[in-house]
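Hello,

Here is the structure we talked about. Please open it first, then read my notes below.

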Amino acid sequence: MDGLWMIALLLLIPLLLWTSSTFVFYFKKCFYVAWMMLLALFAIPLCILKSGGRDVENMRIIRGLVRHVKYFLGLRFDVSGWEHLQTEGPYVIISNHQSSLDVLGLMEILPDRCTMIAKKELIYAGTVGLVCWLGGIVFINRKKTNDAKNVMADAAKTMLDDQIRLWVFPEGTRNQRGGLLPFKKGAFHLAVQAQVPIIPIVFSSYSNFYLRKEKQFNSGTIRLKILPKIDTKGMTSDDISSLSDKSFNLMRSAFHSISDSVTQSNGPSRH
Ligand SMILES: CCCCC/C=C\C/C=C\CCCCCCCC(=O)SCCNC(=O)CCNC(=O)[C@H](O)C(C)(C)COP(=O)(O)OP(=O)(O)OC[C@H]1O[C@@H](n2cnc3c(N)ncnc32)[C@H](O)[C@@H]1OP(=O)(O)O
Ligand SMILES: CCCCCCCC/C=C\CCCCCCCC(=O)OC[C@@H](O)COP(=O)(O)O
């Protein structure tokens with residue numbers, strides 16, 4: 001009888017753990033980091049064999065390898081406005097930034113020859129950092145504005161010379177407090193310096209499935225809305241503030257509309 005109790009207990013403990021939302025939260029987070037690190041380890045030789053080193057073309061390999069990860073985490077993407085990405089030549093994509101999970105949505109829609117602007121600390125993230133470097137990610141030092149400006153001015157030239165698209169998170173940091181943080185100006189200087197359009201992309205709020213404080217990481221749908229491009233031809237540095245304000249207002253209103261609709265279809269939440 002004691003043996004039977006022991007077996008029942010051994011079966012019950014993992015079941016209880018599995019149904020505990022805190023356990024699921026930590027399990028999914030650890031799994032995400034570990035799996036991305038492992039995928040990156042696998043991607044490194046593929047990128048080197050394909051391009052011989054750092055090259056934006058490596059983003060095709062990275063994109064291909066990352067796309068299945070959403071299934072493990074129980075996430076679904078609902079993308080609208082695909083037609084706005086059918087723009088020829090270089091452009092700057094701007095999007096809101098809630099979490100490292102944004103990488104999954106980014107890889108879902110990443111156009112060819114598109115790489116990102118990221119904080120320089122990311123390069124030290126083990127195999128993921130090396131893959132970011134191999135994918136041509138432009139690293140900036142956010143604590144040294146002048147250095148960051150110079151790097152972005154070089155990036156504006158490279159965009160045109162090598163026909164590259166750049167994805168920038170104009171909030172400059174992750175934000176899960178609902179809404180959008182005020183935009184930094186770098187993305188807009190970049191687009192105006194290169195005289196290329198801006199394509200705003202909005203991720204709906206994650207608060208219907210992911211709550212960091214409450215330790216909840218459920219399944220859920222993320223809406224991605226690709227907005228029409230904003231032309232910058234003929235603009236100068238005098239137009240930066242109005243360009244930034246216009247982009248911010250468009251993205252904020254899209255954020256609220258897609259976050260409200262995802263909340264209504266997935267049940268109540270706060271954001
Ligand atoms: C196969 C397995 C793979 C596994 C791995 C999976 C994936 C890996 C691959 C991809 C993952 C990619 C993920 C990337 C995510 C990275 C996200 C981030 O790191 S976000 C943080 C970094 N990004 C940014 O910070 C961009 C936004 N910031 C800016 O643009 C800032 O403006 C800035 C350039 C950093 C400067 O910052 P500052 O705080 O000083 O802000 P201000 O904007 O207020 O600027 C001050 C002042 O300067 C003027 N300014 C700004 N930029 C420029 C410029 N380029 N040229 C000229 N002048 C500039 C600005 O106008 C202000 O002046 P004023 O007040 O007079 O207007
Ligand atoms: C040995 C090194 C260990 C490092 C472990 C971290 C590795 C992360 C592993 C997997 C996650 C994969 C996605 C990586 C891309 C994450 C990019 C990101 O979201 O960076 C945060 C940055 O935008 C803003 O940072 P802050 O909010 O200002 O802070």
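One definition first: a residue belongs to the shell around a ligand if its C-beta atom, placed from the backbone, lies within 6 Å of that ligand. Helices are DSSP runs of at least four residues, numbered from the N terminus.

**The site around ligand 2**

Which element gives the largest share of the shell around ligand 2? That is α2, with 3 residues. The shell holds 13 residues in total. The closest are M36, S100, G126, T173 and R174. Two elements give two or more residues each: α2, which runs over 21-51, and α6, which runs over 126-134. Sorted by class, 7 shell residues are nonpolar, 4 are polar and 2 are charged.

Mean pLDDT for the protein is 93. A value of 70 or more is reached by 95% of the residues. The predictor also gives the complex an ipTM of 0.93 and a pTM of 0.92.

Where does pLDDT stay under 50? Look at residues 267-271. The model has 8 contacts beyond four places in sequence for that stretch. Where pLDDT is low, the predicted coordinates should not be read in detail.

**The overall fold**

The protein has 9 helices and 9 strands. Its radius of gyration is 21 Å, close to the 18 Å that the globule rule gives for 271 residues, so the protein is as compact as a globular protein of that length. The C-alpha trace spans about 85 × 45 × 35 Å along its principal axes. Of the 271 residues, 33% count as buried. Take the contacts with a separation of 6 or more: 76% of them join residues 24 or more positions apart.

**What the record says**

The UniProt entry is unreviewed, and it places a "transmembrane region" at residues 32-49 and 122-140. How much of each span is helix in the model? Residues 32-49 are 100% helix and 0% strand. Their end C-alpha atoms lie 26 Å apart. Residues 122-140 are 47% helix and 16% strand. Here the end C-alpha atoms are 10 Å apart.

UniProt also has the annotation "domain: Phospholipid/glycerol acyltransferase", again from an unreviewed entry, over residues 91-206. In the model that span is 38% helix and 20% strand. Its end C-alpha atoms lie 27 Å apart.

Best wishes

Note on methods:
Residues are numbered from 1 along each chain as its sequence is written. Chains are lettered from A and ligands numbered from 1 in the order in which they are written. This is a predicted model: local features need pLDDT of at least 70, side-chain atom pairs count only at pLDDT 80 or more; totals for chains, interfaces and linings use all residues. pLDDT is the predictor's confidence in each residue, from 0 to 100. Two residues are in contact if their C-beta atoms, placed from the backbone, lie within 7 Å. The radius of gyration is taken over C-alpha atoms; the globule rule is 2.2 Å times the number of residues to the power 0.38. A residue is buried if 20 or more other C-beta atoms lie within 10 Å of its own, exposed if 12 or fewer, and partly exposed in between; C-beta atoms are placed from the backbone. UniProt positions are given in the numbering used here, feature names are shortened, and annotations may be inferred rather than shown by experiment. Ala, Val, Leu, Ile, Met, Phe, Trp, Tyr, Cys and Pro count as nonpolar, Asp, Glu, Lys and Arg as charged, and the others, Gly among them, as polar.
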